[in-house]
Amino acid sequence: MRKILSLALGLAAGAALAGAGALPASAAEKLKAAWVYIGPVGDFGWSYQHDQGRKAVEAAFGDKVETSYVESVPEGPDAERVIEQLARAGNKIIFTTSFGYMEPTLKVAKRHPKVFFEHATGYKRDKNMATYNAKFHEGRYILGQIAAKMSKTGTIGYIASFPIPEVISGINAMMLGAQSVNPDMKVKIVWVNSWFDPAKEADAAKALIDQGVDIIAQHTDSPAAMQVAEARGVKAFGQSSDMIKFGPNAQLTSIVDNWAPYYVERVKEAMDGSWKSTDTWAGLKEGEVHMADYTNMPDDVKKLAQETEAKIKSGALNPFQGPVVKQDGTVVAKAGEAVADKDILSMNWYVKGIDDKVPGQ
Amino acid sequence: MLDTVMIGAVLASVVAAATTLLIASLGELVAERAGTLNLGVEGMMIIGAAVGYATAYSSGSLLLGTLAAVLAGMALSLVFATLTIWLAANQVASGLATTILGLGLAGLIGASFVGTRLDAAPALDIPGLSDLPILGKVAFGQDAFVYASVALLALVTWGLARTRIGLILRAVGESHAAAHALGHPVRKIRTLAVMFGGACAGLAGAHLSLAYTPFWASDMTAGRGWIALALVVFSAWKPLWLLAGAYLFGAVSILQLHVQGFGLGIPSQLLSSLPYLATVAALVLISAMKRGQGAPASLGVPFVPDR
Amino acid sequence: MPLKLERQENVPLAGLIAAPFVALAVTLVVGAVMFLAMGQDPVEAFRIYFIDPLGDAYTLQELVVKACPLLLIGVGLAFCYRANRWNIGAEGQYVVGAVFGSWLALATHGTEAGPWVLPAMLVLGALGGAAYGLIPAFLRVRFGASEILTSLMLVYVAQLGLDYLVRGPWRDPAGFNFPQSVTFDAVATVPLLFEEGRMHAGIVIALVVVVAATFVLGRTLVGFSIELGGSAPRAAAFAGFDERRVTYGVFAVSGALAGLAGIIEVAGPIGNLQPSISPGYGFTAIIAAMLGRLHPVGILVSSFILALTYIGGEAAQISLRMPFDVTRVFQGTLLIAILAADVLVRYRIRRVEGVRHA
């Protein structure tokens, strides 16, 4: 990873020079920016939040930008064509917002050296292709602490989508947070093998509640689980969007994806010619990960959550601060150390205290 | 862990999961018994979900929403019926085209309702009975859609087997030429059967967007229309077997989630594929016991009266 | 299975030629009304949908890329549907074909393996698809289980199996544990036909398949036995054709072509194995097969029409900033118009007769 990072930095420096040579002509020209979404903008989850970011760009720059998007683009053979067409349509900066767009974005970026490409959640970069991601695990650590304080049964239910590092690190961060309050906290994990299937997410929530969990966390996109929690009288954490409307008595907080600051910044850079290929991994501090209001909890729990949030923002607390121990007892980070970024980004193991196996391992 | 409360709760989830499938597949069964294969179920279901939600949200009435969903499913089925019955277009292609149209229309209708919510259709507890152990909540603590699905099942079973209209409908599905010769209006009957199917698909969509997960999101049916279609084949076109199929599929879908919750480390992909494998296995078993396939003889064949 | 396919006997040539124009006219009228209702300029919309993709070398190539799997799968389905065997599971056979072929690409990755790799992958892909297609055939022949249900259910199983492989054993070790395999070596990649663009050798294979299928279905005893088995099973039995062999045969062909499409797509435009390798090709190909009236040349035409509606839809989203749902509504309307126009042309003469009898 470090090698890649330094390589990226080197390439970025080169791109900066190249970019300086090819400064856009007049400021009056409209800058065209485009987004590619994996789901419909109506999913009220991942794609919806990215589109909120796009709208923020429109709001920030008014008639100086022209934005467009293509939604529900399947990962696979179609993605490359859509990205290529967007580049050909004169877009100056193109955001591709799903991991599976990595290879197609890279291929198109090579063919269009003057267009800036931004790929979310991947790891391959080029001189005109940057990557960005969010430290969702920072928020999940706070969820863990709240859950440990609030749970009476001592067991959290976790509705997971697919076993990719982002989801695994989220589960681990939540458990580390929970263990910091109550070392005996347990978690039950259910994989629904889908990012978006409301009825199945609801079924998973019901199953978990029936098995005795009284806090539901989710890493899927719909508010279905929140509604089930509300109906069954247990607490839950929202995902992607603030889901308080769906669980006025159930939602403790929500991890909100807030891409607006990043999108506004990058479009601005594309406008003034200062855009560089970078690898951005922002979190609570930068506002890219945002915690919805802490609700439905006693004041002391709320205070703890706010303090933890402040500590993470200031850098005083790292969710993956050692000691971090794998299930089999292997020490990943000793006390005083933290798990390296590359290990978080490629995480495929559970921390000690989780009685389950990572699927496929 | 496996106490009576939990068993009751699990069974209640199974009933809820099976209900969507049962409602949609009952309608499709009637359409197919009259001889029309409607592959547009997914489209009619999603448009029911969208229109039902939009109406219920705007009017504040779940009943109005449900009615609107039924009408919307019916309206889209009329497009399909016009194509396949009155123009004798290919049923398979027409059904798939109708699904694409329905998904698009539903997305447009629902767009302005993304991020809003409704209060779910309430569980209609029957005092006394719903407090019975295990079966109390399962049988007497469900929402109106569940009871509707049972009523629908009774209606379709009885209607097909015991009424004159059911007899004519089956005759049309078995041999439209003979039915025509006897003076039955083949195309009208098929149109009505397809519209009944559309209405049921719309109702199943409303079950999703008004009761199961009471909000609107694009593509929220997530392929359940296809499962409903497969279940009609599973049932060998007999309503009671449809009940068995829908509950088998629903039960395995729910149970695999419970197995995951126990953390046994079985690959989740294997568990997720169990409902499909179980349905295949059950069909093979039933078929091996030489139960007749029972497909209507004229299923899928367009009827052109002057032929 | 008593599901019957619609046959068109003695369709007059004039009608066949007129059908697309009638469809076009219907679509133009319906589409114009729709675009006007949505506040779009219909002329502009039509230009972007249908004219622009045909006027540029890049999009023309993309049209071929998109049509290629539909064509391969659609021709295979024609074998099944002509024999009245309802294979709805081409999507699953496509996935299994991709998995079988990819196995070799991954096994030889980084070795000095020669140019035999790609042909062997294609063969494996076809075998994999055929094997998966034979499961519903076997269940039907042996137990009488309906292939509609079994083939459809096996789609989901195949997708979950692929998901397991790319997230587990076949994951790229250098890929930060993300779910995708290594990128295939050059010898395991379908070659491009031109330096610019993505048109690949797969289309050559598909065209060969069209010619071969036209011959087999139209001019051979095998084709006749499929046809007869589909339309008149009893007569076929009297003629000595074995129904079971026909069932196995058509499912094997159909599965093989779907599997071939899968491995070509993975070794071609995609370049590695990942959880999502098909935007529903196996289902869209059903429409292609039906629109093409189960004739390989007809399916060639319908595959390109379908590809055009997808690419035009993407172009409309990009240029006119139309939501995806508007393009879906238009695609649905267009298909319905084509189906209606097709029928109007085909049944015109019969309806005149009907009036006379009445």
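pLDDT is the predictor's confidence in each residue, from 0 to 100. This is a predicted model, in which local features need pLDDT of at least 70 and side-chain atom pairs count only at pLDDT 80 or more, while totals for chains, interfaces and linings use all residues. Residues are numbered from 1 along each chain as its sequence is written, and chains are lettered from A in the order in which they are written.

Select chain B and colour by pLDDT. Its mean is 90, and 96% of its residues reach 70 or more. Helices here are DSSP runs of H or I with at least four residues, numbered from the N terminus. In chain B, the element with the lowest mean pLDDT is helix H5 (residues 135-140), at 72, and the highest is helix H2 (residues 41-59), at 97.

Next, select helix H3 of chain C, residues 57-82. Of the 26 residues of H3(C), 23 are buried (20 or more other C-beta atoms, placed from the backbone, within 10 Å of the residue's own). Just past the helix, C:Asn84 has a positive phi of about 60°.

Finally, show chains A and C together. Here 26 residues of chain C are in contact with 28 of chain A (C-beta atoms, placed from the backbone, within 7 Å). On the chain C side, H6 (147-167), H10 (243-270) and H12 (296-319) each give two or more residues. H12(C) gives the largest share, five residues.

Methods:
Two residues are in contact if their C-beta atoms, placed from the backbone, lie within 7 Å. The expected span of a helix is 1.5 Å times one less than its number of residues. A residue is buried if 20 or more other C-beta atoms lie within 10 Å of its own, exposed if 12 or fewer, and partly exposed in between; C-beta atoms are placed from the backbone.
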